[in-house]
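Dear colleague,

I am handing this structure over to you, and you will find it directly below.

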Amino acid sequence: MDFAASFALIAPEILLAVSGLALLLAAAWGGDKIARPIAIVAAAALFGAGFLLVPTLHDGLIGPDAAAFGTLFVADSFAAFAKALIYLASIGCLIVAPAYFSRLNAMRAEYPVLIIFATLGMSIMVSASDFLTLYVGLELNSLAAYVLASILRNDRKSAEAGLKYFVLGALASGILLYGISLLYGFTGATSFGAVNAALVGELSTGALFGLIFVLSGLAFKIAAVPFHMWTPDVYEGAPTPVTAFFATAPKVAAVALTARVALEVFGSQADAWRQIVLFAALASIIIGALGAIGQENLKRLLAYSSINNVGFILLGLAVATTAGASSMLVYLFVYVAMALGSFVALLMLRDEDGNLYETFADISGLSVTKPLIAWSLLLLMFSLAGIPPLLGFYSKFVVFQAAVEAGLVAFGAIAIAASVIGAFYYIKFVKVMFFDEPAGKVTGSSGAGHWAVLGICVLIVSPLGYLLTPSLTDLADKAASALFFAI
């Protein structure tokens with residue numbers, strides 16, 4: 001084993017781990033008064049870790065050259081693509097957080113440190129090529145996420161969100177671990193490649209149950225139906241910057257991990273898990289669309305929107321081809337921009353005293369009082385609905401195209417019909433903001449950081465985003481091919 005090569009492959013993780021430990025010591029020494037500098041350094045560390053991914057993304061690194069520490073870790077182009085999205089989303093959430101917490105006198109030095117460690121866990125998750133590595137990364141991310149959800153200790157909703165997330169997360173972790181133990185018992189291995197080789201041929205009943213338990217545990221992490229029940233409550237109760245983080249970076253990590261497990265570990269048994277994934281995909285699309293219709297709280301509505309979008313992503317995974325995996329990655333990129341932009345826009349719905357507003361009644365007539373925010377939300381909502389010529393339409397199109405090419409025409413048709421249902425509550429934003437009488441509540445100003453993040457997200461989902469599609473498609477194709485290359 002070449003340790004020098006292995007350490008070179010895990011350079012982003014080393015940078016994040018060292019930065020996290022150093023910032024933790026700084027937080028303990030300096031206290032909350034240096035929280036903003038710590039957040040700046042944390043964002044710089046994430047940017048540096050992302051910069052280290054450029055060669056892997058450009059070269060499309062796959063195969064044995066991407067393996068580190070034997071079969072424990074793989075730093076291929078698929079992992080690099082997912083990590084780049086995770087780091088960018090985390091940076092965006094760090095930029096917009098200080099203004100929110102400062103208003104509450106609750107900007108804690110631990111917040112950016114927890115973001116760093118959660119991101120480190122996600123980085124390990126997407127590069128896992130062994131179930132032991134997978135579990136270590138998953139728990140590192142989860143432990144930081146539980147604290148982030150309840151970081152406002154004096155807020156009842158935040159404490160409730162953290163408790164719900166912890167209890168249900170522990171349940172999902174137990175289900176996943178039981179599935180891993182079943183697979184180990186029936187295959188004698190924990191390495192993805194070894195388990196895949198052992199599952200070739202007829203699938204035993206025990207291994208099938210292991211497969212089901214593993215996918216069920218991962219379905220909780222991506223908030224797919226029927227393991228979605230925690231999402232609206234946690235998204236509503238957690239502080240909005242934390243909700244923005246949950247809706248983007250961990251979602252990318254969980255989806256990427258699910259794709260790697262499904263295609264690398266269970267790739268030879270695609271017929272066994274495809275029906276499970278197709279059910280979860282269609283159920284998520286339909287329930288996500290129907291569940292959002294009656295919501296008045298904007299964060300709960302976006303939680304159901306997240307569930308709805310996970311369904312489309314899973315439809316790409318169910319194709320179980322390179323084209324399907326590539327379409328899934330393209331959708332993830334666009335989804336991160338749409339979700340992050342939407343939650344940043346919610347953070348900008350404030351009065352002159354900094355009090356935030358989160359309901360439809362609060363944004364009534366927003367186009368009169370805050371036209372830039374209203375138009376930004378309009379573009380983001382129409383993109384989430386998949387209305388052309390916005391980039392959200394393209395992301396849905398590539399997923400449907402992959403499904404049709406794989407012969408899943410009926411499922412694609414159902415997904416398209418359900419997306420029409422989802423358009424209802426996205427258009428409701430437009431109706432309330434542009435056609436209702438102004439409520440006059442949103443009168444406060446927002447900082448440059450909020451406008452910068454919102455502006456970038458809106459530009460990506462706008463028709464100008466199509467300029468990115470050639471490069472995006474090329475990177476997604478390279479990343480997807482890594483999942484079908486046995487190490």
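I begin with a pair of charged side chains, Lys164 and Asp233, which meet in a salt bridge with 3.1 Å from N to O; the term stands for a side-chain nitrogen of Lys or Arg within 4 Å of a carboxyl oxygen of Asp or Glu. Lys164 lies in helix 8 and Asp233 in helix 11, so this pair ties together parts that are 69 residues apart in sequence. Helices here are DSSP runs (H or I, at least four residues), numbered from the N terminus. Lys164 is partly exposed, with a relative accessible area of 29%, and Asp233 also counts as partly exposed, at 28%; buried means under 20% relative accessible area, exposed over 50%, and partly exposed in between, with a 1.4 Å probe and protein chains only.

Before going on, please keep in mind that this is a predicted model, in which local features need pLDDT of at least 70 and side-chain atom pairs count only at pLDDT 80 or more, while totals for chains, interfaces and linings use all residues. Residues are numbered from 1 along each chain as its sequence is written, and side-chain values use heavy atoms, with hydrogens and water left out.

The structure holds 12 salt bridges. Lys164 and Asp233 belong to a network of salt bridges that also links Arg156, Lys157, Glu160, Glu236 and Arg300. Another salt bridge joins Lys478 and Asp474, whose closest N and O atoms are 3.5 Å apart; both residues lie in helix 21 (residues 469-482), four residues apart, which is about one turn of the helix.

Turning to the aromatic rings, the count comes to 19 aromatic pairs, where rings of Phe, Tyr and Trp (its six-membered ring) pair if their centres lie within 6.5 Å, and planes under 30 degrees apart count as stacked, over 60 as edge-to-face and the rest as tilted. One of them is the edge-to-face pair of Tyr146 and Phe166, with 5.4 Å from centre to centre and 90 degrees between the planes. This pair links distant parts of the chain, with Tyr146 in helix 7 (residues 131-149) and Phe166 in helix 8 (residues 156-187), 20 residues apart. Tyr146 is buried, with a relative accessible area of 9%, whereas Phe166 is partly exposed, at 43%.

The rings of Phe220 and Trp230 have their centres 5.2 Å apart and their planes at 35 degrees, so that pair is tilted. Phe220 counts as buried at 3% relative accessibility, and Trp230 is buried at 5%. The residues of these two pairs are part of one aromatic cluster, together with Tyr165, Tyr235, Phe245, Phe246 and Phe343.

In helix 12 (residues 240-265) sits Thr243, which is buried with a relative accessible area of 0%. Arg260 lies in helix 12 and is buried, with a relative accessible area of 0%; Arg260 and Ala79 are 181 residues apart in sequence and 9.2 Å apart in space, C-alpha to C-alpha.

Finally, which residues form a nonpolar patch on the surface? They are Ile286, Ile287, Leu290, Ile414 and Ile421, with about 370 Å² of accessible area together. The largest share, three residues, comes from helix 13, and Leu290, found in helix 13, is partly exposed, with a relative accessible area of 48%. Patches are made of residues with over 30% relative accessible area and no salt bridge, where like charges are joined within 9 Å and nonpolar side chains (Val, Leu, Ile, Met, Phe, Trp, Tyr) within 5 Å; accessible areas come from the Shrake-Rupley method with a 1.4 Å probe, and for residues only the protein chains shown count as cover.

With kind regards

Notes:
Helix = DSSP H or I, 4+ residues; strand = E, 2+ residues; numbered from the N terminus.
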